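This report describes a structure step by step, beginning with the place where two chains meet. Please keep the sequence and the model in view while reading.

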Amino acid sequence: MKRSAGAVQGLQFMKEMMALAPPGATNVDYGKSLDAFMSGSVAMAMNYFAFYPGIAAQMGEKAGFFQTPAQGETRVTSLGGQGFSISTKVSAEQQELARQFIAWFLREEVQRKWITKPAGFTANTAILASDSFRQATAYNGPFAASMDIVQDFWNVPQYNELLAVAQRYLGEALDGVKTPRQALAALAAEHEGILRQAGARQ
Amino acid sequence: MPGQDKWLKYGFVGPALLVLIGLNIFPLVYSIALSFTDAELIGGEWRFVGGENYDRVFAMPHFAAALRTTGLFVVLAVGIELVLGFGLALALRERFRGKPVLLTALLAPMMLPQAVMGLYWNLVLNGQYGVFNQILGSLGLGQPQWLTNPGLKFLSILMIDVWMWTPFMMLIGLAALQAIPGYIYEAAAIDRASRWTVFRRITLPMCAPLLGLAVLLRATDALKQFDLVMAITGSNDAATQTLSALLYQVMFRDGAVGLGAAYSYVVLVLVIALASAFLRYMDGLQRREGEVGR
């Protein structure tokens, strides 16, 4: 998947988009991206949905929100932040308590209360499909539509290592040190090594 | 009373010894033990894995790259600081009006923490609104992207380190120059030695031991370079990842404590080997100078 023609095209497209960004944009994290957008230095920015309530509160109708654009027939988006996870390093008793908490949190009445809090986004399909949710704020509609096309990141204990490798090689592609194809090939090879080392792949 | 004296001695030395054992010796022994396990940062049970972590260190693709980056950084940073620092010391060795004020101003960069300087230069070198590029732009010299251009990121960190630590070399150089007895220069003047001969045969050899020590101190410091890398590019940038930045990545981002401990001992052995080789060289140099003098 990582070495596919589509992945290479996607990374090439990202690189071309970065050329339209202000100088030094390859070094910008989500905080600086937020600053640049809210100060009016840029007309358009990419960021996590978690920050949109703050943007809407500060900028009102001056800011609009939309999903990740499509590339041909393909339209996917990534999930910023992580879902719940239960550590296997804690006792069985604590793991059970964590499961009970998650079960309680996922109840619809709890989720309806949760979405009234700032950055309280939900994955509950009934709530996401409802008009009342989609029309409640300027960003809820794009968020609900995005949840239909989420492709999650690796949900494995080696997440940190895999992420660090991805950051390194994708950064080299954006910097022009490697071509997108070379960067993705190196990334795939190293991911393979990490997963084999961990026994997650044979 | 001898018995009382003995207990008094233990009473005075004991607390300091406990602190030394608690903060130095125990972590040393504990981390060696950790390096033979698969311990992780977020807890859980450890398993003894023998020398597997040490094998993985040498197999890590980024270890060789980090070693190259660190080696290049040490050679360039220390070399440039030595030349510039000693040059400044030679220029400032004589007394002149305002020398104390000038020296204080030159020493200022050295007094501030590296992490603070890194954050400060991050703003100064910013490609869009940094004052450095504003000045270059007003002089018509273009506006390089110091923090994002892959060819310039390493140079930016090198430049900041040279700016910070050249004063240190200057200070040691000044001390070395002031230790040279004046009669030697007088004798050279009587023999009508040229300035270059005086520099090559008197000044440089007599300053060599102190400068050698300064080089050793700076080199061991430069080998640990972390603060500037974190502040300027972060620990995971291929262009600037030093050994310390890679260790941070392994230990605290990947959470692989056992592997990180093994890695840190490999680096420790490397540093000790380099320092020993350098000290032997300096020792040999001093012995040769002593034989020539007789």
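## Polar contacts and the salt bridge

Between chain A and chain B, 7 residue pairs are in polar contact, with both residues of a pair at pLDDT 80 or more. The pLDDT threshold applies here because this is a predicted model, in which side-chain atom pairs count only at pLDDT 80 or more.

The number of salt bridges between chain A and chain B is 1. This salt bridge joins the side chain of Lys153(B) to that of Asp175(A), with a distance of 2.8 Å from N to O.

## The side of chain A that touches chain B

Which elements of chain A give two or more residues to the side that touches chain B? They are helix H9, covering 159–175, and helix H10, covering 180–197. The greatest contribution to this side is made by H9(A), which supplies 8 residues. Sorted by class, this side of chain A consists of 5 nonpolar, 6 polar and 6 charged residues.

## Extent of the interface

In total, 17 residues of chain A and 22 residues of chain B take part in the contact. The size of an interface is often expressed as the accessible area that is lost when the parts come together. For chain A and chain B, the area buried between them is about 1,800 Å², and 45% of it lies on carbon and sulfur atoms. On the side of chain A, the residues that lose the most area to chain B are Asn27(A), Lys89(A) and Arg168(A); together they account for 36% of what that side buries.

## The second largest pocket

The second largest pocket has a volume of about 440 Å³. Its lining is made up of 20 residues, and those nearest its centre are Glu161(A), Glu190(A), Ile194(A), Met60(B) and Pro61(B). Two or more residues of the lining come from each of these elements: H9 and H10 of chain A, and helix H2 (52–59), helix H3 (61–92) and helix H11 (243–253) of chain B. By class, the lining of this pocket contains 9 nonpolar, 6 polar and 5 charged residues.

## Chain A as a whole

How many helices and strands does chain A have? Its secondary structure comprises 10 helices and 0 strands. Taken along the principal axes, the C-alpha atoms of chain A fill a box of roughly 50 × 50 × 30 Å.

## A residue within chain B

Ala208(B) is part of helix H9 of chain B, which spans residues 195–223. Apart from neighbours within four places in sequence, Ala208(B) is in contact with Met282(B) and Leu285(B). Between Ala208(B) and Val19(B), the separation is 189 residues in sequence and 38 Å in space, C-alpha to C-alpha.

Technical notes. Residues numbered from 1 in each chain as written. Chains lettered and ligands numbered in written order. Predicted model: local features only at pLDDT ≥ 70, side-chain atom pairs only at ≥ 80, totals over all residues. Heavy atoms only, no water. Contact = heavy atoms within 4.5 Å. Buried area = accessible area lost by both parts, 1.4 Å probe. Salt bridge = Lys/Arg side-chain N within 4 Å of Asp/Glu carboxyl O. Polar contact = N/O pair within 3.5 Å; in protein donor to acceptor, adjacent residues only side chain to side chain. Helix = DSSP H or I, 4+ residues; strand = E, 2+ residues; numbered from the N terminus. Nonpolar A, V, L, I, M, F, W, Y, C, P; charged D, E, K, R; others polar. 1 Å grid on protein atoms, 1.4 Å probe; cavity = no way out; pocket = protein on both sides within 12 Å on 5 of 7 lines; lining within 4 Å. Points joined across faces, edges and corners; volume = space filled by probe spheres on them.
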